[in-house]
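Let me put the structure up on the screen, and then I'll walk you through it.

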Amino acid sequence: MRIGVLTGGGDVPGLNPAIQTITRQAADLGWEIVGIRRGWCGLLEFDLNDAEASATTCLSALTPASVRTIDTLNSTVLQTSRTTLSTLDARTAHILKVIEHLELDALIAIGGVHTLAYGARLQAEGVKINTIPKTMDNDVFGTDYCIGFSTAVSRSVDAINALRTPAGSHERVGFVELFGRKSGETALMSGYLADARRVLIAEVPFDMERLADMLMKDRADNPSNYTMAVISEGARIEGSNAVEYGDLDASGERRLGGISDTVSEEFKRLTGAGTISQKLAYLMRTGTPDALDTMVARSMGARAVQHLQQGEAGVMMAVRNGAYESVPVSTCTEGQRRVDVAAYYDANEYRPNIHNINEKPMFLG
Amino acid sequence: MNRKLRIGILTGGGDVPGLNPAIQQVTREACTRGWDVVGIRNGWSGLLGVNPDDDATQAKCLMPLDLQTTRGIDRFGGTVLHTARLHPDTVREVDMPDFLQSSAQYDERRWADMTPHILKVIEHLKIDALVPIGGDGTLSYAARLGEEGVPVLAIPKTMDNDVQGTDVCIGFPTAVTRSIQTVHDIRSTAAAEQSIGVIELMGRHSGETALMAGHLGSADRTAIAEVPVDVAALGALLQRDIADGDDAGAVMVISEGATLEGLDVERTSQPVRTDKFGNKRLGGVGEILARDLSARLGVPAFSLQLAYLMRAGAPVSQDSMIARAFGTLAVELMASGQMGRMTGLQDGRYTSVPIARTGEGAAQVDVDRFYDTATFKPRSTQPGIAQSLSF
């Protein structure tokens, strides 16, 4: 067997341990492993008329020796990219030819919603492919857990608690904006674990005046006279749209971001009280993975190879109900994963509501 | 059960990150239901030290817990209630409070079972139920109190992860996270010097911390407490790791409880250290192994005990989550009248099990399933692949 491995979408801690485990497991079986650089771009930009030069720019050999210590480095040694699905779809014939030219018997693609959706497309074209979900947003449909989520929450909790210092010293209200796109899960879990007073999630629009009243009361109730609120980048004030900026990105959407500044200004206008507004942004996904992300990365990597060994292609690695499972690769295109508001959120009080723990999965799912 | 309860919380054994979030969560869930919460300081010592005839003793042994006093405690490692390792069924004469010396009945070891006093104190304080948070020692005495008829709802914590009945204890995820980072950090030193780095991890007689850190941190070799270490065989493998290793040196992890077989060096040939009582202490197993490997292979070898740094500082997200979930679950179980249970995680999901005397058989690594004795490596191929997020 000769298999290709690639990582697409935003980078997260845990990608290198996944690549390392896949390489080792495949090498143990006597397989050859080809690293494809920059996600689907490595195949898209491979020039069949100049295969030799393309091999240098688009590929990277993976052997047990070459991956021996990559897990001590952050991010992904294969690099990553974002390409629109429509661009990829339009060049599918070329990509299939490249896969044939490289004599790849199977692919393992690690990525978020868009990367995995194109994996499903290739599977429909007859390519043997297994996929691994990674995204700190934890918004891939079909799995309760994606590589990067736990570290993003660990970092966010640390940051929220660190920001208590300036907020507390100046007796202000702190607004911390977290990545998560249209899913509020990073905000919900980070806010819950850092014990923030209010958590605004992408799924539930909020009333600005009610929120301002609550925060003023929270601040007054706190002997240190400050309070903290966490906001999903995708959250929005009732009657307004989500705050976006910039040009259309590779997925054909504008970037979310800036809601904490908007809320902070509006809060100051309504109450006259001081604020701090902080976007945690890329710091949520930098650095080394924590134990859970390392564990999931290695387990999913090992399972992806194991499936191929057993002749099973076309599956996405997943966690459901706390246990590892495998689902069809197309599952990720069948819906959107969002916070179960009725189960885990108090939409009146704008805060997590996490109860009835018995039999719930570890990270609630 | 709708009546208002008065519950006592205590933390026993070694401290781990996550205890304070658990205390905060139990307190909140109880206060929300209108219950009273009494914090008991220094584990079981706090109950031993209460003299029903002298209310002044309560100030030293107890601490009121409510929404205000637990505000912000989750942001710190350790435990606001402090902790101790005393077990009231085997109290040594030196640990006995003065007011109990005359009534204590010592056995031939000069130990006394003070359970009757503990029961009297629980009744005196009008505590309806106890929430002990601890490892197998603390929970073993909780089981004893359960047998005596005290309603108990236990929460397992220990970075060694050796409590039976749960796949994860509070403190384990943070301990493994720190250990992985140490394996990575030591890699740069080992690579720079083309040497062997030996990292010794706490874990008592369970090799689980070493196994997980070795697996997840990708150490070249891992030696666990459950399997005696053939030093000659291990040395040969490490020599090959250095030779084949693309200038990365070699890094290995060893459980503090591991035993070494076929040593060339004398176990006691290093300078002897003494503790404050004048007792001689041996160096850690990692240091002995490093000296042996260095002499045996002619390659520089060094050791590092991660020790208390594994359980210091703030918890990672998984520990915070488990701590809060266990806290909420404990109160939810008590509210529905289910006592005598321990919260747990099994197959990736929260559950509870009858609290048992765990002291006799601490959980150990399933060697056949998860460890390859010949290569000193965790088994990450089937059938060793993890089945759930419980580790």
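Predicted model: local features only at pLDDT ≥ 70, side-chain atom pairs only at ≥ 80, totals over all residues.

With 13 C-beta neighbours inside 10 Å, A:N225 comes out as partly exposed. You'll find A:N225 in the loop that runs between α9 (208–221) and β8 (227–232) of chain A. What's the phi of A:N225, positive or negative? Positive, about 55°, even though A:N225 is not a glycine.

There's another asparagine to look at in that chain, A:N321. A:N321 sits in the loop between β12 (315–320) and β13 of chain A. With 16 other C-beta atoms within 10 Å, A:N321 is partly exposed.

Now let's zoom out to the whole of chain A. It has twelve helices and 15 strands. The radius of gyration of chain A is 22 Å, close to the 21 Å that the globule rule gives for 365 residues, so chain A is as compact as a globular protein of that length. If you box up its C-alpha atoms along the principal axes, you get roughly 65 × 45 × 35 Å. Of the 365 residues, 55% count as buried. And if you take the contacts in chain A with a separation of 6 or more, 74% of them are between residues 24 or more positions apart.

On to chain B, which has twelve helices and 19 strands. Here the radius of gyration is 23 Å, close to the 21 Å from the globule rule for 391 residues, so chain B is also as compact as a globular protein of that length. The C-alpha trace spans about 70 × 45 × 35 Å along the principal axes of chain B. Buried residues make up 54% of the 391.

So how do the two chains meet? How many residues of chain A are in contact with chain B? The count is 44 residues of chain A, touching 42 residues of chain B. On the chain A side, α1 (15–28), α7 (149–169), α11 (291–309) and β13 (323–328) each supply at least two residues. The largest share comes from α11(A), with nine residues. By class, that side of chain A divides into 17 nonpolar, 17 polar and ten charged residues.

Next, a couple of helix pairs in chain B. In general, you describe two packed helices by the angle between their axes and the distance between the axes.

Start with helix α8 (residues 208–216) of chain B. Nine of its nine residues are buried, among them B:L211, B:M212 and B:H215.

What does α8(B) pack against? One partner is helix α7 (residues 172–193) of chain B: the two axes come within 9 Å and cross at roughly 50°. The two helices are therefore oblique to each other, and the crossing is right-handed. From α7(B), the contact uses B:A175, B:V176, B:S179, B:I180 and B:V183, and from α8(B) it uses B:T209, B:M212, B:A213 and B:L216. That contact has seven nonpolar residues, two polar and no charged ones.

The other pair is α9 (residues 231–244) and α10 (residues 285–297) of chain B, whose axes come within 10 Å and cross at roughly 65°. That makes α9(B) roughly perpendicular to α10(B). This crossing is right-handed as well. On the α9(B) side we have B:V231, B:G235, B:L238 and B:Q239, and they meet B:L289, B:D292, B:L293, B:R296 and B:L297 in α10(B). Those residues divide into five nonpolar, two polar and two charged.

Last stop: B:A363, in the loop between β17 (349–354) and α12 (367–370) of chain B. B:A363 has 19 C-beta neighbours inside 10 Å, so it counts as partly exposed. B:A363 and B:G165 are 198 residues apart in sequence, yet 8.8 Å apart in space, C-alpha to C-alpha. Setting aside neighbours within four places in sequence, B:A363 is in contact with B:D162, B:V163, B:Q164 and B:S206.

That's my tour, and I'm happy to go back to any part of it.

Notes
Residues numbered from 1 in each chain as written. Chains lettered and ligands numbered in written order. Axes fitted to C-alpha atoms, helices over the stretch in contact; angles between N-to-C directions. Helix = DSSP H or I, 4+ residues; strand = E, 2+ residues; numbered from the N terminus. Parallel < 35°, antiparallel > 145°, perpendicular 65-115°, else oblique. Left-handed = near helix turned anticlockwise from the far one by under 90°. Contact = placed C-beta atoms within 7 Å. Nonpolar A, V, L, I, M, F, W, Y, C, P; charged D, E, K, R; others polar. Rg over C-alpha atoms; globule rule 2.2 N^0.38 Å. Buried ≥ 20, exposed ≤ 12 C-beta atoms within 10 Å, placed from the backbone.
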